[in-house]
Structure formats: structure tokens, C-alpha cells
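These are my notebook entries on a structure I had not looked at before.

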Amino acid sequence: MSAGSIIIGIVYLIVQLFSNKIIASSRLGPERWLSFSGGIAVSYVFVYVLPSLHKQQEDYGDKAGGLTMETELYFIGLIGVIVFYAIHKAADKAEREHPNGEGRFFWIQIAFFCVYNMLIAFIVFGTDIEGVEAAFYGVAVGFHYMAVSHDLWREDALRYEKFGRYILAFGIFTGWVAGIAVPFPPFVLALVYAFISGAMILNVLKKELPSEENAHLPAFLIGALSHTAITLTLKYIFDW
């Protein structure tokens with residue numbers, strides 16, 4: 001386990017456990033924070049996740065005994081979208097049946113995002129990404145965790161503070177340990193990456209794009225454009 005992995009893992013846990021206090025204590029306010037985070041998330045999906053998925057599809061398609069078509073990993077990503085969309089709809093149905101939060105809605109959401117956090121952490125720590133790319137990847141995912149945490153907190157602040165944040169932090173910790181301690185073949189990591197990429201795309205577009213009443217357009221544009229500019233620059237310099 002490298003020092004970088006330890007630092008990133010600790011930062012993720014701190015973000016997950018204390019993100020709402022970090023946002024509340026900031027002078028920027030929740031609207032600017034979440035709009036900025038949403039901009040980073042959208043940029044991250046389109047200039048890092050999708051190109052990385054395409055590269056993995058090409059790499060494994062070129063290998064002997066690898067993928068035989070041009071779309072297998074994209075299909076796995078589609079499965080990620082479908083599975084997590086179905087879970088979203090189940091949670092929405094539970095919320096409609098129990099609008100005061102006494103039903104299963106909260107626990108469906110928490111279970112869903114616990115697995116989601118675990119798979120993302122598993123990919124972060126299970127791949128051989130190091131150095132600047134790992135740090136940059138880690139920052140983007142950290143902002144993503146922060147936005148997800150705040151969204152869940154707004155839906156049920158009491159139970160989230162008492163139970164939810166610890167369950168989600170456990171998901172991150174589990175993925176962290178599994179990614180470092182258990183060696184998985186690169187092809188398996190590519191399949192998991194494709195699946196969670198589909199889920200992340202759905203979650204970003206459905207949850208992290210700021211709604212009209214909560215949007216702060218300048219913060220969103222700063223997040224999206226600055227992250228895109230930095231990503232493209234680093235891709236050019238380091239040939240990612």
C-alpha cells in the first residue's frame with residue numbers, strides 16, 4: 001500500500017463522514033458548492049470516464065483471446081445504467097408510498113450508494129493508476145462523494161447523520177481494502193469499471209446536475225470548464 005493510497009483513502013472517509021459540515025461551514029454556501037461539484041462531475045464523465053472506457057475497449061479488443069466486438073464494455077456500462085436506474089425507481093416508489101420517510105426509501109438509497117461507493121473505491125485503489133493521474137482522479141471522485149452525501153442528507157438529515165454516513169463510509173473502506181489487498185485480473189477490473197461508469201453517468205446526470213432552484217450557473221461553469229481544461233492539459237502532458 002503506497003502513501004498516496006493511504007492519503008486518498010483517508011480523504012475519502014473524511015469527505016464521506018463530514019461533507020455536510022464542510023459545506024455548511026464554507027462561505028460559498030451549498031448552492032455554489034454543489035453547482036461547482038456538479039460541473040466537475042459532468043466534465044469528469046465526458047473527458048475522463050468515457051475516453052477511459054473507450055481505451056479499455058480498444059485495448060482488450062486488440063488482445064488475442066480478448067473482446068471480439070467493439071461494444072462489449074459499453075454493453076456492461078449499459079447494464080450499470082439499467083440496474084441502478086431500476087434501484088432509483090424502487091426508491092422513488094418507496095418514497096411516494098411513505099412521503100414522511102417512515103418506509104424503506106432511506107434504506108434502499110443507503111444500500112444502493114454503499115455498493116456504489118464500494119465499487120468506485122475498488123476501481124480507484126485496484127487499478128495501477130499512480131502519481132498525478134491518481135491524485136487528479138482522486139480529487140474528482142472526492143467531489144462526487146461529497147455531492148452524493150449532501151443529496152442523501154437533504155432527503156433524511158436525521159437518519160443520515162445517525163446511520164447513513166457510517167454505512168457509506170464502510171462501503172468506501174471495503175472497496176479500499178479489496179482494491180489493495182485482493183489482486184484481480186485487469187480484465188475483471190475493466191468489467192467493474194465499465195459497470196460503475198454506467199452507474200456514475202446515470203447518477204451524475206440525474207442527481208448532480210443542479211436543479212433550477214438550486215443552481216448557481218457561474219460556479220457550475222467554473223467547475224466544468226476548469227476541470228476540463230486541467231484534464232486535457234494533463235492528458236496532453238502525460239499521455240494518459
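How many cavities of 30 Å³ or more does the structure hold? I found one, in what is a predicted model, where local features need pLDDT of at least 70, side-chain atom pairs count only at pLDDT 80 or more, and totals for chains, interfaces and linings use all residues. Residues are numbered from 1 along each chain as its sequence is written, and side-chain values use heavy atoms, with hydrogens and water left out.

**Entry: the cavity.** I took a cavity to be a set of points, on a 1 Å grid over the protein atoms alone, where a 1.4 Å probe fits but cannot get out, with lining residues having an atom within 4 Å of a point. The largest cavity has about 70 Å³ of space, the volume being that filled by probe spheres set on the points. I listed its lining as Tyr-44, Val-49, Ile-120, Ile-123, Tyr-137, Tyr-193, Ile-196, Ser-197 and Met-200. Two or more of these residues come from each of α2 (29-62), α4 (105-126) and α7 (186-208), and α7 gives the largest share, four residues. Helices here are DSSP runs (H or I, at least four residues) numbered from the N terminus. By type, I counted eight nonpolar lining residues, one polar and no charged; Ala, Val, Leu, Ile, Met, Phe, Trp, Tyr, Cys and Pro count as nonpolar, Asp, Glu, Lys and Arg as charged, and the others, Gly among them, as polar.

**Entry: a helix pair.** I looked up helix α1 (residues 3-25) and helix α5 (residues 131-155), whose axes come within 9 Å and cross at roughly 35°; axes are lines fitted to C-alpha atoms over the stretch in contact, and angles run from 0 to 180 degrees between N-to-C directions. The contact (heavy atoms within 4.5 Å) includes Tyr-12 and Ile-23 of α1 and Tyr-137 and Trp-153 of α5. I noted that the contact residues divide into eleven nonpolar, seven polar and no charged.

Entry: Between Leu-232 and Val-47 I noted 185 residues in sequence and 7.6 Å in space, C-alpha to C-alpha.

Definitions and conventions: On a 1 Å grid over the protein atoms alone, a cavity is a set of points where a 1.4 Å probe fits but cannot get out, and a pocket is an open set with protein on both sides within 12 Å along at least five of seven lines; lining residues have an atom within 4 Å of a point.
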